[in-house]
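Hello,

I am passing a structure on to you, with some notes on what turned up in it. Please have a look at it first, and then read on below.

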Amino acid sequence: MIDYMHSRSAHRAGPSSRQRAMIDFLRKMVLEPADGRERFHAMFLDKARAHLDDVPLGNGGACSLSVRMRDVFSKALSLDASGIIIAHNHPSGMCRPSQRDIDATHRLNTVANALDIDLLDHLIFTHDAVYSMRAGGKL
């Protein structure tokens, strides 16, 4: 069961079936195989919010992850993407964003805005839950 955490959101009834499918797909991308390492995955969307491509862009250790913004945005620009959804996992089981997650999301959003690309969400997954930075007011 997905715990779609948020404080105040227009999505009070929960995500739509399209959003649930995207969440399930990204969950699989960052949680499998379950080897205790953080993983980062990006999904690129067109103006109609249709899927263009998705790619893994980083692997880390048990409690950290390194992703180059250059890799995220070069892929987005090569696809002429107008939106990006990023996701990573927390092997610790703690679904809330760290300050480092929040800071990195703000930096990514600043660069995305400068390139006329919407950072639509940053999702953090554990095996039991998903946290949306957008719904949680962090984006």
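**Salt bridges**

There are three salt bridges in the structure, a salt bridge being a side-chain nitrogen of Lys or Arg within 4 Å of a carboxyl oxygen of Asp or Glu. Before we go through them: this is a predicted model, where local features need pLDDT of at least 70, side-chain atom pairs count only at pLDDT 80 or more, and totals for chains, interfaces and linings use all residues. Residues are numbered from 1 along each chain as its sequence is written, and side-chain values use heavy atoms, leaving out hydrogens and water.

Let's start with Asp 35 and Arg 39, whose side chains meet in a salt bridge at 2.9 Å, N to O. Arg 39 is buried, at 9% relative accessible area, while Asp 35 is partly exposed, at 41% (buried means under 20%, exposed over 50%, partly exposed in between, with a 1.4 Å probe and protein chains only).

Next, Asp 118 pairs with Arg 49, their closest N and O atoms lying 2.8 Å apart. This pair links distant parts of the chain, 69 residues apart: Asp 118 sits in strand β5 (residues 118-125), and Arg 49 in the loop between β2 (39-45) and β3 (51-59). Helices (H or I, at least four residues) and strands (E, at least two) are DSSP runs, numbered from the N terminus.

Finally, Lys 75 forms a salt bridge with Asp 53, with 2.9 Å between the closest N and O atoms. Lys 75 belongs to helix α2 (residues 69-79) and Asp 53 to strand β3, so the pair ties together parts 22 residues apart in sequence.

Best wishes
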